[in-house]
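Here's a quick briefing to read alongside the model.

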Amino acid sequence: MNYFKKHSPIISLLFLFLITNVILRLVLLFQTITQSSFSFSEIIKIFGFGLISDTLVFVIGSAFLWLYLLFLSNKKYDQPWGYFIFGGLVLLLLYVSFFNTILNEYGGSLPEIAISFIALKTLLFGLLLFLPKYRKPLRLILFSIAIFIFVLVIVQNAVSEFFFWNEFGVRYNFIAVDYLVYTNTVIGNIMESYPVIPLFTVVGLMTLAITYSIVKRSQPFLHRLPTFRDKILGFGIYALLLMLSLFAVPIIAQQENNTNVYVNELEANGMYKFYTAFRNNELAFDKFYKTISNDEAFALLQKQLAGIKDESTLRTVSSDSTELHKNVVLITVESLSEDFMTEYGNEKHLTPFLDTLAEKSLQFTNLYAVGNRTVRGLEAVTLCLPPSAAESVVKRADNKNKYSTGNVFKQKGYSVKYLYGGDAFFDNMGDFFGGNGYDIIDKNSFLPEEITFANIWGVCDEDMYQKAIKEMNREAQQNKPFFNHIMTVSNHRPFTYPEGKIDISGMAKSRDGGVKYTDYALAQFFKMAEKQSWFKNTVFVILADHCASSSGKTELPLEKYRIPAMVYAPGFITPKHVNTLMSQIDVMPTLFGLLHFDYNSKFYGQDVFDKNYHPRAFVATYQDLGLIKDNVLTVISPVKKVKQFQLIPQIKPRIKQEFQTHFEEKPMTALREDLVKETIAYYQSSAYLLKHKKLNQ
């Protein structure tokens, strides 16, 4: 069988992959960051299990190469099959180009990518079909391009792993996955940190040289393509090897259990580590961040959370007044940056309703979102704990039965719902809220006649609010209080919405239009709500999930985390501005204080009106975890890095003091160790409690 002979490109690429990984392990073994010595048995384990793992991973990774080689054939160009295939490709190209397909549902660049790929495939097939004299040279060119791509992936991956190891001392982890999210930042960092042009030049020349060698070696394979029988037999053998590899790779990975972590990391295959990091979405805090002893961490935490003991945040929150079981509607507004509102300096009047509502509300004017994604905001108002390293709890496997705000409401006899205009499958929302006792109303719950407008993200906010009113009317008839958490979707790219509602067309697909329509829809919701019997007995909490943008000159630009937040309940809540520094995680505990709830709390969030509250706020990306306190921003990052910035207000004219959001973040050369330890204490203790399931119900 040609597929397994020495001139087969599969065999050549396998040897390249194995040799590259052996060289990579040798290089990493002797790097200065690899601060360890190894016994002979550990060396054998590193290279023995490493070789097995690499072989199995190659089998899995070569699936596309196998498909390409299996379809290399001269027979398919014979009449009439060649014309049938070409006609089918032309029809497929016309279909994806001019008709609405499932690709359009996903939006973005996917339709254009698919059209380009099919167009290229159609063109190349046509050339090979109608120009038989040039079939061999054309096939050689295409074959060389395919081999070049595979070689480039192997070589570039080895180079990337080298630099990743030099920075973090490990194979790929969630930081590498995160780099795919923050592509612009990462590319900029690489451009500034390494000699990119010489490096890429060397990689390119190496790839070309190796490609030339493999193509030359594979000439017999191209000149005598496998027969149909060989293809069936070869595919059958590969299918068996693939199933064996899929089964065996996780088992091999389980053998990475040495007490010396460098042995485990060197033994592992980087590509498989990337895959598992993508699946797990977590960073072990104690491995990647600066730590203190658990005793010290919880001792410091006890100074911040009155009433806690030992390694726990459990405490009793009590009030000296009678509990008020009012209905509560929490509205988290998609991407509502504070600078969209007039009070914060916006002159476009994008939020006329919210501007008016804010003056009638208890308005928190110094509140920071914990992160820059929706799941971070949902985590903050639901679990009331600092943001976790890497991925949000919402998207983790262990995201159920947590001690949540919904849990507190349920203990008080409330019905609890999460309402979302999109598909709750997105970002794992359904799994998270359903697993924490919420009933879920999402796009799939809508009847066709309840949807007047929808885009890729879901139904428009007006439709969502109409549905919410129906649900609340139904709940009010049950003679029990309700807590409904509504998540909006309209202020999100592509920023499309029903026409004729505001003075900016939805066809413009502009951020300003998205904001203005979101404000308009919220105004319609309150017009409807005011007519309902339950309105006077309801407290409305409105805040952003995060800002519209998080990029800035620093790792954590604070103006990109400041969000508007307000509590509105005419006749119950007295309108005023609260300029106390606070976090998104404090909103719901503060509401519980306003309702005089007595409850057992595991929250890190606190009632900001409590005499024991110490003003501070949390801000974070996937990697950088920050604490704002005493006009200092402390940031802890992977590889046990710590930075501090003095926050110097940058005053904007004609804006009141409480609505000033910009700071110069001046790096501090002498660190305030008390704030460093307090920052570590918050994040280390929450990571520890999550890991040991001590924040469950």
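Predicted model: local features only at pLDDT ≥ 70, side-chain atom pairs only at ≥ 80, totals over all residues.

**Helix α1**
- α1 is mostly covered, with 15 of its 21 residues buried.

**The α21–α22 pair**
- Helix α21 (residues 461–476) and helix α22 (residues 511–529) have axes that come within 9 Å and cross at roughly 20°.
- Angles under 35 degrees count as roughly parallel, so that's what α21 and α22 are to each other.
- The crossing of α21 past α22 is right-handed.
- On the α21 side, the contact is made by D461, E462, Y465, Q466, I469 and M472.
- α22 brings Y517, T518, Y520, A521, L522, Q524, F525, M528 and A529 to that contact.
- Sort the residues of this contact by type and you get 10 nonpolar, three polar and two charged.

**Around A358**
- A358 belongs to helix α17, which covers residues 352–359.
- Is A358 buried or exposed? Its relative accessible area is 1%, and buried means under 20%, so A358 is buried.
- Setting aside neighbours within four places in sequence, A358 touches M341, E343, Q363 and M566.
- Between A358 and F164 there are 47 Å in space, C-alpha to C-alpha, and the two are 194 residues apart in sequence.

Note on methods
Residues numbered from 1 in each chain as written. Heavy atoms only, no water. Buried < 20%, exposed > 50% of the residue type's maximum accessible area, 1.4 Å probe, protein only. Helix = DSSP H or I, 4+ residues; strand = E, 2+ residues; numbered from the N terminus. Axes fitted to C-alpha atoms, helices over the stretch in contact; angles between N-to-C directions. Parallel < 35°, antiparallel > 145°, perpendicular 65-115°, else oblique. Left-handed = near helix turned anticlockwise from the far one by under 90°. Contact = heavy atoms within 4.5 Å. Nonpolar A, V, L, I, M, F, W, Y, C, P; charged D, E, K, R; others polar.
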